[in-house]
Amino acid sequence: MSKKKDAAKIIFESEKDVPIMPMSLGSMLFNKTGSWRNIRPEIRTADCIRCGICWKFCPDMSILVEEELPVVDYDFCKGCGICAEECPVKCIEMAEERK
Amino acid sequence: MSQEKKMKLTLPVEEYVGSGNLACQGCGANLALRYILKALGPKTVLCIPACCWAVIDGPFPHSCMSVSIYHCAFETAASTATGVKAGLDMLGDTDMNVVSWAGDGGTLDIGIQALSGAAERNDDIIYVCYDNEAYMNTGIQRSSATPKGAWTTTTPVKFPKVESKKDIDAIMAAHRIPYQATASIAYPEDLYKKMLKAKNIKGTRFFHIFAPCPTGWKSRPEDAVKLARMAVQNCLFPLYEIEHGENLALNIKIQNKKPIDDYLKLQGRFRHLKPADIQSMQEEVDRNWNRILKKAQGC
Amino acid sequence: MRKVIMGNHALSYGAMLGRAQVIAAYPITPQTQVVELLSEMCADGTLAAKFIKVESEHSAMAACIGASVAGARTFTATSAQGLALMHEMLHWASGGRHPVVLGNINRAMAPGWSIWSDQNDSLSERDTGWMQFYCSSNQEVLDTTIQAFKVAEALFIPAMVILDAFSLSHTYEVVDVPDLDKVDAFLPPFKPYARVDYRTPRAFNGLTGPENYMELRYKLQKDMERVPEMVEATGREYEKLFGRHLGAVDAYRCEDAETILVTSGTAGYTAHVAVDEMRKDGLKVGNFRMRMFRPFPFDIVRRVLLPAKKVAVVDRNISYGHHGMFAQEVKSALYGIPGAPPVFGFIAGLGGRDITPASFREVVDTAAAQDRPAEEILWIGVKR
């Protein structure tokens, strides 16, 4: 689902690989925060008015826009529910997470 | 899939805050940073002191961000930024936005000396305080930005905070800096517009962004944006900008000012309040609001 | 060009010739002339640098760190209370591997308020991961400052150039101020290891867990261990260009000495004079003046001190409840070596009390009268 480039967690095997300054060498995309979820947003796209509000208020950049419709990035969506709360036509429902 | 209607995007699509970050569910500070970077773009350096964002970014050797970050000491968000700006200027990178990105504790409490120093020198930096009204990263201790009446782990229910929130915006206005603004995560277009404006001003620019913290406020994560909106609508956190310490302009006009009761009810940190406490808080909100209105009318 | 300048101005000239690009400083007696002259140099264009007149020493070091991670060569100067206020940021500079150069004027810590010299301010910072160089003349202050930039930037370790309050900071001496183009040939522009940049965005100093922290500190220590050799090599290169050699130590008449004085700063210069006088009286004494305290030059200390019969360390500082700090470290360097000479630890000159040639005569006489130190600390000049 996620279009974000996959990234691996960096683990240093030897001090020789560690930079002298504590500085970043990779992204956090290895950290699939989708696993934090208890409830998941489900979008009834048929009712969507494409207002972009769910995209705008997602704190985790987990509402993607695909073919002019919002799509949830379940790899990273933490399940906060802001999208469902803010949706003006209530076409997003928070459902029990299926594990 | 039908293509006849485009999705309405009121902000640029570029993202500089990445997924996989360590923010709690419904984090207001995440939204705040997401919005300001949409305005500032990739030529930006963030100086981040101890605050939630020192953790949210991700552990060494990782970062969720696609702009440079210098994680600095707690009280040095402003002074580090001043140094970064001076260094970049000497190296010829004169078009970088150097931003201090600090919490309310790092701004109103421990970092206020360095902030005041930078503002007095009119150093060419953008200082942004994301205000979640307590030391959230250390576990919800009171700061001078915590509102009167609130529970925190150091202002327990039996003895909630008795002091009022420090008026950092008035303090910054007294420095006569070229530009300052309050902003809210509930009004991202307003925040975006003001940050774009600030980007093109030289000197010290100060932003105070209201950023609810569901974890620390004992509120539901889905209410984060709603609470921020209510704080504006009931005049508890008015949105305005000030130039050179004067000419206060209200950005969001309030038609029907609502009482603060509903706002308080959604938050566990205010659950212990009695009607008399709420009444006294309402009076304080009203006094502050009237003061802002007077300033907006230029008197 | 030869000039008659005060020690503080020798620091300013060192920073100017080293082409510091960002200077952030806050005034404190007895450091003020350092930054006054630099602010003039920045204002009249003698030095192309940004001078940030910060509101505290804490912010001074924070700004230097910020400028360093932006890729600029940075300099600041302070003293005593100011250095103590910087303490947190001293760790930040070394842990972040920012090669800031700092001039510290040794001044006793308050209370009671004192503006006079002793070393407790800088020696209290010995564990912050900074190199420390103690100077005994204005020429040495200038030369050390220029060399400090070179060594600091080669290893990404910040460096402190240290001089005594008044007896050096405000004392005028003839100093050979080298030509800028010659210094340029010695000291190329700063090449940062990494910097804040939009072309390669990075986060610096992120949360570092137990799985990575120790390796970062291991690497800092390993690079610290490379300093003594680097200081010698840099000193030789400097000598070729400017005719003056500065190493980690200045060992004077130590080869055949029975008693070797261990000294530092201007007291070390006084000891030099005292050694000549005592030699005339037939006393076989030498002066081992330590220029570099961090990293501690174990090899040289052992090589020079081991042949002596007695070692007398004169500390212008004290670690309360323990000892003078040079004495502690000299003892640790000689510990466990069969036949190592006994180390006599003297404390003198706290809070600017004079250390004179007579003080060193007293030190040598006291050491001569005892096989081993009668007391852990032997005090010089206390009214008892």
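Here is a short tour of a few parts of this structure, which is a predicted model.

**The sheet in chain C**

Let's start with chain C, where seven strands line up in an open, mixed sheet. Going across, the order is β3-β2-β4-β5-β7-β6-β13. From one strand to the next, the twist averages 20 degrees.

Zoom in on β4 (residues 74-79) and β5 (residues 101-106) of chain C: these two run parallel and share five bridges. Here F75(C) faces V101(C) of β5(C). There's also a helix lying against this sheet: α7 (residues 138-155) of chain C touches β5, β6 (131-134) and β7 (159-164) of chain C. The direction of α7(C) makes about 165 degrees with that of β7(C).

Helix α11 (residues 265-280) of chain C has 16 residues, so at 1.5 Å a residue it should span 22 Å; its end C-alpha atoms are 24 Å apart, which agrees. Quite a few of its residues are buried, among them G265(C), Y269(C), H272(C), V275(C) and M278(C). Just past the end of α11(C), G282(C) has a positive phi of about 90 degrees.

**Where chain C meets chain B**

Chain C puts 37 residues in contact with 39 residues of chain B. Which element of chain C gives the most to that side? That's α3(C), with ten residues. Other elements giving two or more residues include β2 (22-25), α5 (87-95) and β9 (203-204) of chain C.

| Class of residue on the side of chain C that touches chain B | Residues |
|---|---|
| Nonpolar | 20 residues |
| Polar | twelve residues |

**Chain A**

Chain A has two helices and four strands, arranged along the sequence as β-α-β-β-α-β. Is chain A compact or spread out? Its radius of gyration is 17 Å, well over the 13 Å that the globule rule gives for 99 residues, so chain A is more spread out than a compact globule. Along its principal axes, the C-alpha trace of chain A spans about 55 × 25 × 20 Å. Of the 99 residues in chain A, 37% count as buried. Among contacts in chain A with a separation of 6 or more, 65% come from residues 24 or more positions apart.

Conventions:
Residues numbered from 1 in each chain as written. Chains lettered and ligands numbered in written order. Predicted model: local features only at pLDDT ≥ 70, side-chain atom pairs only at ≥ 80, totals over all residues. Pairing = 2+ DSSP bridges. Axes fitted to C-alpha atoms, helices over the stretch in contact; angles between N-to-C directions. Contact = placed C-beta atoms within 7 Å. Expected span 1.5 Å × (residues − 1). Buried ≥ 20, exposed ≤ 12 C-beta atoms within 10 Å, placed from the backbone. Nonpolar A, V, L, I, M, F, W, Y, C, P; charged D, E, K, R; others polar. Rg over C-alpha atoms; globule rule 2.2 N^0.38 Å.
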